[in-house]
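Trainee: I have a model open on my screen and would like to go through it with you. Could we take it question by question?

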Amino acid sequence: MAESILIYSYPLTHNIVLPGKFGIDAIGKLTENTNLQFFYVLDGHSSCPNSDILVKKFQTYVASLKNIFSKLDDDEQDIKSFFNDLILNFFIENRGKLIPAAMSLCMTIFSSKKVYSAHLGDCRLGKFDSSKKIYWITYPHNLTMSLHTEIGLKDIEPILKSSSDNNIVTKSFNTKRLKPMSFNSFDIENNYSYIIASDGFWKLQDVEILKVILEKKISQLDVITDDTSLWIISVGKNS
């Protein structure tokens with residue numbers, strides 16, 4: 001039997017209201033499983049009409065999966081199938097509707113030993129240690145990544161934050177054509193906490209990211225110029 005886990009989670013969301021802006025950021029979770037917990041962040045694309053509606057429909061759809069999630073086994077293939085089925089069925093339910101709505105998303109499932117992620121677009125999973133050093137461990141589907149494939153992953157972060165192409169998403173969720181997600185799995189490291197975030201957060205300078213982590217506030221940051229959503233998550237084991 002899988003070990004049960006104890007999650008300490010803190011959500012933050014900040015949306016900016018502007019004329020002609022169509023997207024919103026959002027978060028959600030499912031915690032009905034003894035051995036697994038599911039967290040996600042969404043970033044509705046601001047330039048695409050109906051993106052805010054798409055985000056809200058996704059939140060409603062995920063909430064309807066509580067019973068299915070409660071029976072999900074702590075098995076990598078089963079979890080990957082859960083992610084795939086979720087996206088496929090949500091796409092089928094909304095195919096051809098709300099066009100040109102689009103959104104980025106990052107979904108994660110935490111067990112006592114692993115964190116599993118599936119993403120489309122430029123929402124990301126990261127981690128930080130007791131010294132508050134930040135490491136982003138998944139990578140965005142954006143033009144900057146596509147144009148700099150020759151650069152090692154350890155050297156790409158400054159470019160991802162500063163490039164003029166970093167807001168051009170190359171693969172996201174829309175209701176016209178379903179695109180494949182990127183899947184990852186990582187061993188849980190007990191000396192780290194985890195972050196799931198939209199690009200409005202991870203593109204901030206590290207000093208500003210740490211300020212949010214420590215103070216658990218977003219709205220008072222002068223540097224916030226984009227919708228922002230994130231989960232801050234620490235993992236332990238129930239005795």
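Mentor: Gladly; we will go from the overall fold to the cores, the backbone and then a few single residues.

Mentor: A word on ground rules: this is a predicted model, in which local features need pLDDT of at least 70 and side-chain atom pairs count only at pLDDT 80 or more, while totals for chains, interfaces and linings use all residues. Residues are numbered from 1 along each chain as its sequence is written, and side-chain values use heavy atoms, with hydrogens and water left out.

Trainee: How many helices and strands are in the protein chain?

Mentor: Helices (H or I, at least four residues) and strands (E, at least two) are DSSP runs, numbered from the N terminus. On that basis the protein chain has seven helices and 11 strands.

Trainee: What share of the 239 residues is buried?

Mentor: Buried means under 20% relative accessible area, exposed over 50%, and partly exposed in between (1.4 Å probe, protein chains only). Buried residues make up 50% of the protein chain.

Trainee: Among contacts between residues at least 6 apart in sequence, what share joins residues at least 24 apart?

Mentor: A contact here means heavy atoms within 4.5 Å. Of the contacts you describe, the share is 73%.

Trainee: Which residues touch the most other members of the largest nonpolar core?

Mentor: A nonpolar core is a set of buried Ala, Val, Leu, Ile, Met, Phe, Trp, Tyr and Cys residues joined through side-chain atoms within 4.5 Å. The largest one has 32 residues, and those touching the most other members are F38, F58, F83, L86, M107 and I109.

Trainee: Which element gives the most to this core?

Mentor: At least two residues each come from β2 (25-30), β3 (37-44), α1 (51-63), α3 (76-94), β4 (102-110) and β5 (114-120). The top contributor, with seven residues, is α3.

Trainee: How many residues are in the other core, which lies apart from this one?

Mentor: Its members include W136, A197, F201 and I232. The size of that separate core is 18 residues.

Trainee: Which peptide bond is cis?

Mentor: Most residues other than glycine have a negative phi, and most peptide bonds are trans. Look in the loop between α3 and β4, where P100 has its place. With omega near 15°, the cis bond runs from I99 to P100.

Trainee: What is the phi of L98?

Mentor: L98 also sits in the loop between α3 and β4. Although L98 is not a glycine, its phi is positive, at about 65°.

Trainee: Where does K132 lie, and is it buried or partly exposed?

Mentor: K132 is a residue other than glycine with a positive phi, near 65°. It lies in the loop between β6 (124-129) and β7 (134-136). Its relative accessibility is 25%, so K132 counts as partly exposed.

Trainee: Which residue just after α7 takes a positive phi?

Mentor: Helix α7 covers residues 206-215, and E208, I209, L210, V212 and I213 are buried there. Just after α7, a positive phi of about 55° is found at K216.

Trainee: How far apart are the C-alpha atoms of N174 and F91?

Mentor: N174 has its place in strand β8 (residues 173-174) and is buried, with a relative accessible area of 15%. Not counting residues up to four places away in sequence, N174 touches F91, A101, A102 and K179. N174 and F91 are 83 residues apart along the chain, yet their C-alpha atoms are separated by 7.9 Å.
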